[in-house]
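Good morning, and thank you for coming.

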Amino acid sequence: FEIPTCPVKSVVVYLDRAEVCRSVDAKVKAGENEVILRNVSDAVDKDSIRVEGHGSAVITEVSFQTKHVTSKSAAAQSGEGGSSQRELTQLREEKEAVDEKLKVLNSERQRLQSQRTMLDTFADQLMSSAEKVCPASSCGPGLCRNL
């Protein structure tokens, strides 16, 4: 929910602060739910936030986080310097580029796994043929004098 768009229920003005109560109509389902409120004023005292609920729901936690936004994303949110459609297009293009890079890396990983399998097979064959030529009892472990 975007706090600036939530209706104000009441306002009380004190000498050193103001108390603003807003209403949020969150439709929750049975089980655990998370309600996120965005764009809370920078001037809010995080220790003053109160949450109330109605019905049989139980509020188990209330937390407050400050997330700093870049000027680019702030401009996009406020409508200055670009639209959300343009930002969405840009994000889709970035996702496609990441997906393509992932595809290349997965292909490289498969190639390297194939090479490793081939080298393991070659090493096994080499060790098998070395054991036929020189039994381990006549040479020290890993030291073959006959090869």
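First, the basis. This is a predicted model, in which local features need a pLDDT of at least 70, side-chain atom pairs count only at pLDDT 80 or more, and totals for chains, interfaces and linings use all residues. Residues are numbered from 1 along each chain as its sequence is written, and side-chain values use heavy atoms, with hydrogens and water left out.

How confident is the prediction? The pLDDT is the predictor's confidence in each residue, from 0 to 100. For the protein its mean is 80, and 78% of the residues reach 70 or more. Confidence is highest in strand β1, residues 8-13, with a mean of 90, and lowest in helix α1, residues 71-78, with a mean of 58.

Let me turn to the elements. Helices (H or I, at least four residues) and strands (E, at least two) are taken as DSSP runs, numbered from the N terminus. The protein has two helices and two strands, and their order from the N terminus is β-β-α-α.

The two strands belong together. Strands count as a pair if DSSP finds at least two bridges between them. Here β1 and strand β2, residues 18-22, run antiparallel and are joined by five bridges.

How well is β1 covered? β1 is hardly covered, as zero of its six residues count as buried. For the protein, with its 147 residues, the buried share is 4%.

Contacts give another view of the chain. A contact means heavy atoms within 4.5 Å. Of the contacts in the protein with a separation of 6 or more, 26% are between residues 24 or more positions apart.

Next, the salt bridges. A salt bridge is a side-chain nitrogen of Lys or Arg within 4 Å of a carboxyl oxygen of Asp or Glu, and by this rule there are five. I shall present some of them.

Two examples lie in helix α2, residues 84-133. Lys 95 and Asp 99 are four residues apart in that helix, about one turn, and their closest N and O atoms are 2.7 Å apart in a salt bridge. Lys 95 is exposed because its relative accessible area is 51%, whereas Asp 99, at 36%, is partly exposed.

Arg 116 and Asp 120 are likewise placed in α2, four residues apart, about one turn of the helix. Their side chains meet in a salt bridge at 3.8 Å, N to O. Why does Arg 116 count as exposed? Its relative accessibility is 61%. Asp 120, at 41%, counts as partly exposed.

Another salt bridge links the side chains of Asp 25 and Lys 27, at 3.2 Å from N to O. Both of these residues are exposed.

Finally, the surface. Accessible areas come from the Shrake-Rupley method with a 1.4 Å probe, and for residues only the protein chains shown count as cover. The protein exposes about 13600 Å², of which carbon and sulfur atoms supply 54%.

Which residues make the nonpolar surface patch of about 330 Å²? They are Phe 1, Val 28, Val 35 and Leu 37. Patches are made of residues with over 30% relative accessible area and no salt bridge; like charges are joined within 9 Å, and nonpolar side chains (Val, Leu, Ile, Met, Phe, Trp, Tyr) within 5 Å. Leu 37 sits in the loop between β2 and α1 and is partly exposed, at 40% relative accessible area.

Asn 39 is found in the loop between β2 and α1. Although Asn 39 is not a glycine, it has a positive phi of about 60°. With a relative accessible area of 44%, Asn 39 is partly exposed.

How values were computed. Buried < 20%, exposed > 50% of the residue type's maximum accessible area, 1.4 Å probe, protein only.
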